[in-house]
Each structure stands twice: as structure tokens, then as C-alpha cells.
Amino acid sequence: MKYSTKYVFLSIVISYMMISTVATTTNNRILLSSLMVGAPLGASLSGSYTFSEGELALLTTGVLVLNFPGNKQAEDSIDPCIAKGYARSPILGCYRLIKDAKLIQPEAKQRCAQDGGRLLLVNSAEESQEVLSLLGREGVDYVWIQGSRSSLSAPWLADDGTPLPYTGTIDNNNVPDSFKMAFYQRLYAYPALGQYYPLCEI
């Protein structure tokens, strides 16, 4: 009877671990539980060790604890926006104001790209007002946002080459060399060599 119990237990463990391995092939807990259970079971089946009912229950508990997917579920529930140091806004989406250094416009774009982001694209008057409120809370006057043009008469374009979805009233729009978009109280055209903080989004 005791051998029958061990074989049934062994079958259950192997079946469970095979299913778990298919579902989570990179999970090292599977390997740990294999070592924990396999060694004593092998000794038991060879006759050099006999399990008590309490020991069988303990091994079963160990396997279940090691393979329980709770940690994976918790990791999956982490907001990728917050995980990257960004903040989430119902209006701006996933954004980050980087205040460690003021940068010229090309450097600001690169700084956003380091985190997998890009300069913020203002899509509407509502988003423009939200950026204004954000800068007020942060005590910041100017930031770089998305937008560029090749000349004073050329259209303003987003980074992907499409026209800006929102332009509103652009201050400084007719000043020579003001070919990059910043934000100062509203959209603000400025030369690329101006030094402001990047306002990024992902």
C-alpha cells in the first residue's frame, strides 16, 4: 500500500510539473521543485528511505508553493508607465518631465528615447492647458515638446512626419530660425539650440 501511495504521488507531481513547465518554460522555480521532490522520491522508490504521510504532505505543499503563479500575476499587473519612472495622466497619458538638465532640442529628443519614449505631442487645446498646469505645478517655464519645420513657411510636423494635430496660437512663430516647438504658456516656436527641459511621453 505504501508503494502504491508513493507511485500515485509521483504521478501527480510529474503531471503537474509537466503542465507547469509548458506554461512557464523560463521559470526557475520548476527546476527547484524538481530537485526538491526528485531526490527524496528516488531514494524512497529504491527502498533506502520510507516516506511518512506527513512527509508526503510536506513535499506536496512545497511543490505547490514553488509553482504557484502569484508572483507572475503580480509582475504582470505593474503599470509599465510607472515602472519606467513616468506618471499617468487621464489627459496627457504616460508622461515624464525630466529636470536633471536643460538640453538643446536634439539632446532632449535623445534623452526621451533613452527610456523608450519621445517628446510629448500636444494633440488638443485640452492637452495644451494640461501641460500649462503641469509646468505651473513643477515651477518650470519652458519645455521641449514635439514639433519641427524646415522653414518659416513650412508646415509644423510631428516626429513621424505628419502635420501636428494641434497648433492653436503659436508664439514666436515668425522669428527666423524658430524651427522647433517648445512650450511656454502655450506652443512656442524656438531655435533648436535653446536649452529647456524635455517633456517626454511613451
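The protein chain comes to 7 helices and 7 strands, and this is a predicted model. Reading along the sequence, you get the pattern α-α-α-α-α-β-β-α-β-α-β-β-β-β. Of the 202 residues in the chain, 35% are buried. Take the contacts between residues at least 6 apart in sequence: 64% of them join residues at least 24 apart.

**Salt bridges**

- A search of the whole structure turns up 8 salt bridges.
- One of them pairs D159 with K109, with the closest N and O atoms 3.8 Å apart. D159 sits in the loop between β4 and β5 and K109 in helix α6 (residues 105-114), so this pair ties together parts that are 50 residues apart in sequence.
- Both partners there are partly exposed: D159 has a relative accessible area of 38%, and K109 has 35%.
- Another joins E201 to R118, where the closest N and O atoms are 3.3 Å apart. E201 belongs to strand β7 (residues 197-201) and R118 to strand β3 (residues 118-119), so the pair ties together parts that are 83 residues apart in sequence.
- In that pair, E201 counts as buried at 10% relative accessibility, while R118 is partly exposed at 39%.
- E130 and R137 also meet through their side chains in a salt bridge, at 4.0 Å from N to O. E130 is buried, with a relative accessible area of 19%, whereas R137 counts as exposed at 54%.
- Then there's a network of salt bridges linking R96, D100, R111 and D115.

**R149, a buried arginine with no salt bridge**

- R149 lies in the loop between β4 (143-148) and β5 (180-184).
- R149 is buried but has no salt bridge; D177, the nearest side chain of opposite charge, is 9.4 Å away.
- What the R149 side chain does reach is the backbone oxygen of N173, at 2.5 Å.
- Setting aside neighbours within four places in sequence, the contacts of R149 include A154, P155, W156 and F179.

**The cavity**

- The count comes to 1 cavity of 30 Å³ or more, and the largest cavity has a volume of about 40 Å³.
- Its lining is made up of L121, V122, I145, Q146, L164, Y166, M181 and L187.

**Q129 and R186**

- Q129 is part of helix α7 (residues 125-138) and counts as partly exposed, at 46% relative accessibility.
- From Q129 to R186 is 57 residues in sequence, yet the two are 8.0 Å apart in space, C-alpha to C-alpha.

Definitions and conventions. Residues numbered from 1 in each chain as written. Predicted model: local features only at pLDDT ≥ 70, side-chain atom pairs only at ≥ 80, totals over all residues. Heavy atoms only, no water. Helix = DSSP H or I, 4+ residues; strand = E, 2+ residues; numbered from the N terminus. Buried < 20%, exposed > 50% of the residue type's maximum accessible area, 1.4 Å probe, protein only. Lys, Arg positive; Asp, Glu negative; His and termini not counted. Polar contact = N/O pair within 3.5 Å; in protein donor to acceptor, adjacent residues only side chain to side chain. Contact = heavy atoms within 4.5 Å. 1 Å grid on protein atoms, 1.4 Å probe; cavity = no way out; pocket = protein on both sides within 12 Å on 5 of 7 lines; lining within 4 Å. Points joined across faces, edges and corners; volume = space filled by probe spheres on them.
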